[in-house]
Each structure stands twice: as C-alpha cells, then as structure tokens.
Amino acid sequence: MANTTIATPSSSVRQTQGTALQRFLQATEIDTRLLGMIAALLCIWLGFQYFTGGLFLTPRNLWNLTVQAASVSVMATGMVLVIVTRNIDLSVGSILGFVGMIMGIIQALVLPPLIGFDNPFTWIIALTVGIALGTAIGAFQGMIIAFLNVPAFIVTLGGLLIWRAGAFLLLSGATVAPMDSTFRLMGGGAEGSIGATASWVVGIIACLVIVASIINSRKQRKRFGFPLRPMWAECFLSTVGCVMVLVAVWVLNSYYMPVNLAKKYAEANNIPWPEGGLQIPLGIAIPVLMAVGIAIAMSFLTTRTRFGRYVFAIGGNPEAAELAGIKTRWVTVRIFALMGALCAIAAAISTARLNAATNGQGTLDELYTIAAAVIGGTSLAGGMGTISGAVLGAIVMQSLQSGMVLLRIDTPLQNIVIGIVLVMAVWLDTVYRGRAK
C-alpha cells in the first residue's frame with residue numbers, strides 16, 4: 001500500500017516530513033476526502049447564501065434542510081454497503097413508495113375499524129409491518145442476485161418497475177390520509193421536534209460521547225501497541241467535534257414555532273399571549289435524531305463487527321473472500337435485506353412528513369441515494385466507502401436542491417445540475433483511486 005508508515009509497537013512518533021498542512025493531517029489522521037467534502041459543502045452554502053440574498057443560511061432553511069435530508073440519509077447508509085460489494089440498488093425509491101403505501105393503508109383503512117383511529121398501538125403495528133415487508137423485499141431481491149447470479153442492476157431495475165406499479169395498483173393511484181398522530185411525529189414539524197431543553201441535553205450527551213470515544217480509542221491503541229496521536233491532536237479533534245455539535249444545536253434551537261402554531265400551543269396550555277409574540281424553539285426534529293442514530297449504528301456495524309469486515313473483504317476481492325471461507329452469497333442477501341429495512345424506515349419518515357401515502361412517493365430517490373453515497377466517497381469499483389461520507393453526501397444533495405428551490409430554478413435544470421455533480425463525483429473518485437495506486 002502506498003505511503004504506509006511502519007512503526008514499532010511502542011512508538012508514538014510520527015513522520016515529520018512534508019508541509020505544515022501535511023504534518024497536521026498526518027497527526028490528526030483526518031480523512032482528506034471527507035475534509036474536501038466539508039470544504040465543498042461550505043462553498044455551496046456560502047454561494048447560495050450570496051445568490052439568495054441571505055435566505056439560505058437561516059435557522060428556518062437549515063432546520064428544513066436537515067429534515068428533508070433525513071430519509072435519503074437513512075437509505076444512503078445502506079447503499080454504501082451495497083456499492084462497496086460492487087452491486088447497485090435501483091429499487092430503493094420504489095420500495096419506499098410501496099412500503100409507505102402499505103403503512104398508510106394499515107393506519108387509515110385496516111386498523112381503524114378494528115381498534116379505532118389513533119390507537120396507541122397503531123404506529124407500532126404500521127412501522128413493524130413496514131420494516132418486515134421492506135426486509136422481505138430486500139432479501140428476496142438479494143437471493144435472486146446471490147443464488148441465481150442475476151446482475152444486481154437488472155434485478156433492482158425490475159424492482160424499480162414492479163414496486164412502483166405495485167404502489168399504484170394497491171388503491172388505483174389514490175392518496176391515503178391522514179396518518180396516526182403518533183406516527184406523524186417521525187416526520188418532524190412543530191410536534192415532531194424535541195424542543196430546546198432536550199436538544200441541549202442531546203448535544204451535551206453527544207459531546208461526552210465524542211470525548212469518551214477519543215479517550216477509549218487512545219487506550220486501545222496504547223493497549224495493542226499502535227502509534228498514538230499527539231495529545232494536542234486528540235484535544236483538537238475533541239474540541240472541533242464538540243463545537244460542531246453545539247453550534248448545530250444552537251442553530252436548530254434558533255428556529256421558532258410558526259405564529260399560528262404558537263398561538264394554538266398557547267391556547268392549549270393556557271399561556272397568555274405576550275405583546276411581542278411567543279417564541280418557542282423547535283430544537284432537533286425527530287427524523288433527524290432517527291437518521292443520526294441509524295448512521296451511528298451503521299458505522300458501528302461496518303467498522304466494529306465481523307459482518308462489516310466481510311462486506312469490505314468482498315468488495316476488495318470477491319474471489320479471495322470466498323476462498324477465505326466467507327459465505328459471500330448470504331452476506332449479499334443480508335446486505336439487500338438491510339437495505340430493504342432502511343427503505344422502510346425512510347418510508348415511515350417520508351409518509352409521516354407528508355401525512356399521506358401517495359403512489360408517487362420516493363420517485364427519483366434512488367438517484368439521490370446513489371448520488372449521496374458516491375459523492376460521500378463510496379467507490380463504484382467496490383471496497384471503499386464510509387457511512388459518515390454518505391450522510392454528508394446526502395446533506396450536499398439536499399443543499400443543492402434546497403438552494404436551487406430558493407433561486408426558483410425549474411425542476412429540469414435542477415436535475416441537470418444534480419446529474420453533473422454525480423458525474424463529477426465519479427470522475428474525482430476515479431482520479432483519487434488512480435493516484436492512490
């Protein structure tokens with residue numbers, strides 16, 4: 001491997017050659033591709049802030065951006081595993097639409113005659129059935145790919161057509177609404193947010209987790225004799241991580257409940273309406289918490305479990321992985337089953353946000369999901385990808401879409417821009433892999 005540094009087990013000394021920036025990146029071990037994505041995201045934000053006359057970097061727009069990116073972020077974490085193993089899944093948007101329609105029918109048509117509308121168990125039943133169905137669809141497609149040796153492109157392209165048509169045929173294209181009130185919390189909005197106090201609590205817990213993880217990582221490195229980062233680098237990473245979390249919480253808490261909803265809230269809680277209005281911070285939206293939680297779980301799955309090692313081994317060299325005793329076919333089935341389950345969770349978020357299930361739900365989401373994973377550094381050649389990069393890629397995609405909406409750019413031109421960005425991301429990945437060799 002190029003640029004490999006060999007160190008003795010007790011060594012904590014790093015190479016000191018190169019420029020100051022190179023020494024800094026080497027000491028902190030920051031992924032340069034991830035750093036480049038963050039820089040690109042900041043350029044996108046600042047550019048839209050300028051061209052929209054200051055409308056982009058407002059608490060309201062950033063709050064909406066996080067909510068809108070949640071469903072694609074959830075699916076992008078699964079798409080990383082699919083692409084890492086040199087496969088592709090074109091059916092994720094259609095699975096989202098089909099499962100979302102099923103969950104909508106359960107809440108609006110099936111359960112009300114049996115247990116009544118807004119029953120405490122309605123959302124649990126709907127979500128459970130949706131996740132089970134999504135997992136079954138993903139596993140079914142995975143078995144065709146793994147055991148019948150049909151290319152993933154063809155299988156999931158067929159799935160794109162089948163499940164989209166299935167969503168239409170369920171109710172002949174009719175829209176199903178409304179959803180269960182508890183279920184709607186997963187879509188965000190004024191009620192689907194945790195408020196300022198709880199958001200600060202979450203932020204503080206996140207900071208403690210960041211510090212604890214860095215301390216634990218240092219202990220593990222010392223235990224096994226791996227090179228240690230300089231103490232200043234550990235402190236820098238802890239500080240930057242905590243600052244980013246607290247700034248994000250502050251921004252989300254700076255978006256207040258709309259006036260009409262605030263008046264209803266004041267009336268319901270017998271709060272007198274002040275002369276200057278009532279400012280109620282919304283805080284972190286529930287779908288954002290769901291997306292972050294899934295991203296953390298998927299990161300743990302890919303980096304700390306045997307299954308994750310198998311996934312990257314298959315992506316690196318499928319033949320060698322099979323000769324090493326890895327059951328590559330069953331790993332493939334599990335990857336697509338997991339992708340189906342994540343599509344179902346994304347369907348719940350999307351359906352709850354719309355407060356309705358439509359046959360067109362999830363259209364083109366396969367484009368945004370694949371683009372998010374690829375822009376986030378997942379290589380189409382397989383064997384390389386990160387969950388954090390995919391989530392950041394989803395934010396980049398949603399930022400582009402949100403900024404173009406604020407600029408009142410027509411939908412066809414938006415698709416052109418997103419297509420160009422996707423092609424450029426693949427080209428940059430090719431250049432990066434070429435230089436790495």
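Which helix gives the most to the nonpolar patch? Select α6, which gives three residues.

This is a predicted model, where local features need pLDDT of at least 70, side-chain atom pairs count only at pLDDT 80 or more, and totals for chains, interfaces and linings use all residues. Residues are numbered from 1 along each chain as its sequence is written, and side-chain values use heavy atoms, leaving out hydrogens and water.

**Stop 1: the patch.** Select Leu 109, Val 110, Leu 114, Ile 115, Phe 121, Ile 124, Ile 125 and Val 129. Together they make a nonpolar surface patch of about 690 Å². Patch residues have over 30% relative accessible area and no salt bridge, and nonpolar side chains are joined within 5 Å. A salt bridge is a side-chain nitrogen of Lys or Arg within 4 Å of a carboxyl oxygen of Asp or Glu. Two or more residues each come from α4 (92–110), α5 (112–115) and α6 (122–147). Now pick Phe 121, in the loop between α5 and α6.

**Stop 2: helix α9.** Select residues 231–253. Helices are DSSP runs of H or I, at least four residues. The buried residues of α9 (buried means under 20%) include Ala 233, Gly 241 and Leu 252. They pack against α1 (20–28), α3 (59–84) and α8 (195–224).

Stop 3: Show Cys 207 and Cys 242. Are they buried or exposed? Cys 207 is buried at 10%, and Cys 242 is buried at 15%. Their sulfurs are 3.8 Å apart, too far for a bond. A disulfide needs sulfurs within 2.5 Å. The structure holds zero disulfides.

Conventions:
The expected span of a helix is 1.5 Å times one less than its number of residues. Buried means under 20% relative accessible area, exposed over 50%, partly exposed in between (1.4 Å probe, protein chains only). Contact means heavy atoms within 4.5 Å. Patches are made of residues with over 30% relative accessible area and no salt bridge: like charges are joined within 9 Å, nonpolar side chains (Val, Leu, Ile, Met, Phe, Trp, Tyr) within 5 Å. Accessible areas come from the Shrake-Rupley method with a 1.4 Å probe; for residues, only the protein chains shown count as cover.
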